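I opened a new page for a structure I had not looked at before. My plan was to take in the whole chain, then go element by element and jot down what I found.

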Amino acid sequence: MGLEIMTDEAAAAPSPAAAAARVEIYPLCRYYFGARDVAAGGAGAGLETAADRALRLKANFAAHGLRTSVHGILLVELFDHPHVLLLQVRNSSFLLPGGRLRPGEQDVQGLKRKLSTKLSVAGHQDDEDGDGDDEWQIGECIGMWWRSEFDAAPFPYLLPNARAPKECIKLFLIKLPVSRQFVVPRNMKLLAVPLSQIHDNAQVYGSIIAGIPNLLSKFSLNIISD
């Protein structure tokens, strides 16, 4: 069998998939930001120690098996450059909006619930039965990371010796509307961080966030100016 060589015309013609890989980004000035009180049971968010987290993950794994976390990538424009909306906890660590799925919960349903918890006015609590706001438009999953042990660094692939991975982390592209309001708990900040700043900057943002620019390279980012 030989290698099929495309003609110049076929190579130049964009595929339907390539034509569809277009993301529209709106200016940051079109969005409104506010803060709300931390809901009951959420006052300790971001205060958990590494040891406490490891114990919690072990208990969760024993009860439910593989932990699945879903996070959203929200893009805005500032100074003619794409920015990612990140949550900052205690003026230190940076997080993508999202969190852990409930046992048996679907990815999209859980991500809508988590985005509402972190970014909406009322905020759906983890013990509620709601499936999140319908206003969230969840795009495709553009990246998956795996944690082989509870305290191990995540990798964008399964390690050869990882017989029973402890966590799967999925990143979804969120399609933001032209305008909307973001309201976050007072113990967090919502920051717009340029792609050029997070690119390959795992020391500050962690390996997952630092890898976002590479994941977005497959898309055509269309900035909509005012």
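**Entry 1: the whole chain**

I began with how far apart in sequence the touching residues are. Of the contacts in the protein with a separation of 6 or more, 70% are between residues 24 or more positions apart. This is a predicted model, and I kept that in mind all the way through. I looked up the confidence next: the mean pLDDT is 84, and 81% of the residues reach 70 or more. One stretch I marked with a pencil is residues 123-127, where pLDDT stays under 50. The model still gives that stretch 17 contacts beyond four places in sequence.

Then I took the inventory. I noted 7 helices and 12 strands. Of the 226 residues, 42% are buried. The protein exposes about 12600 Å², and carbon and sulfur atoms supply 54% of that.

**Entry 2: the four-strand sheet**

In which order do the strands of the open sheet of 4 strands come? I wrote down β7-β3-β9-β8, with mixed pairing. The edges are β7 (98-100) and β8 (137-147); each has a single partner strand, so one side of each is left without a neighbour in the sheet. From one strand to the next, the twist averages 20 degrees.

I followed one pairing in detail. Strand β3 (residues 67-73) meets β7 in the antiparallel sense, over 3 bridges. There I found His-71 opposite Gly-98 in β7. Helix α3 (residues 50-64) packs on this sheet and touches β3, β7, β8 and β9 (167-175). The direction of α3 makes about 120 degrees with that of β3.

A reminder to myself: strands of a sheet pair through backbone hydrogen bonds, either parallel or antiparallel.

**Entry 3: two parallel pairs**

I went looking for parallel pairing and noted two cases. In one, strand β2 (residues 31-36) and β10 run parallel, joined by 6 bridges. Phe-33 stands opposite Phe-182 in β10. Strand β10 (residues 180-185) is mostly covered, with 5 of its 6 residues buried.

In the other, β1 and strand β12 (residues 220-223) run parallel, joined by 4 bridges. The bridge partner of Arg-22 in β12 is Ser-220. Which side chains of β1 (residues 22-25) are buried? I checked them one by one: Val-23 and Ile-25 point to one face and are buried.

**Entry 4: helix α4**

Helix α4 covers residues 107-119, which makes 13 residues. From its first C-alpha to its last it reaches 18 Å, close to the 18 Å expected at 1.5 Å a residue.

How many of the residues of α4 are buried? I got 10 of 13, so I put the helix down as mostly covered. Among the buried ones are Gly-110, Leu-111, Lys-114 and Leu-115. Lys-112, Arg-113 and Lys-118 are on the buried list too.

Ser-116 and Glu-135 are 19 residues apart in sequence, and their C-alpha atoms are 9.4 Å apart in space.

**Entry 5: a loop with two positive phi values**

Next stop was the loop between β4 (75-78) and β5 (81-89), where Phe-79 lies. Phi of Phe-79 is near 55 degrees, which is a positive value in a residue other than glycine. Asp-80 lies in the loop between β4 and β5 as well. Asp-80 is not a glycine either, yet its phi is positive at about 60 degrees.

Are these residues buried or exposed? Phe-79 has 72% relative accessibility and so counts as exposed. Asp-80 is exposed too, with a relative accessible area of 62%.

**Entry 6: Pro-156**

My last entry is Pro-156, in the loop between β8 and β9. Pro-156 has 47% relative accessibility, so I filed it as partly exposed. What does Pro-156 contact, leaving aside its neighbours within four places in sequence? I noted Met-144 and Trp-145. I also looked up Ile-208: Pro-156 is 52 residues from it in sequence, and 8.3 Å from it in space, C-alpha to C-alpha.

Key. Residues numbered from 1 in each chain as written. Predicted model: local features only at pLDDT ≥ 70, side-chain atom pairs only at ≥ 80, totals over all residues. Heavy atoms only, no water. Expected span 1.5 Å × (residues − 1). Buried < 20%, exposed > 50% of the residue type's maximum accessible area, 1.4 Å probe, protein only. pLDDT = per-residue confidence, 0-100. Contact = heavy atoms within 4.5 Å. Pairing = 2+ DSSP bridges. Axes fitted to C-alpha atoms, helices over the stretch in contact; angles between N-to-C directions. Areas by Shrake-Rupley, 256 points an atom, 1.4 Å probe, with all protein chains shown as cover.
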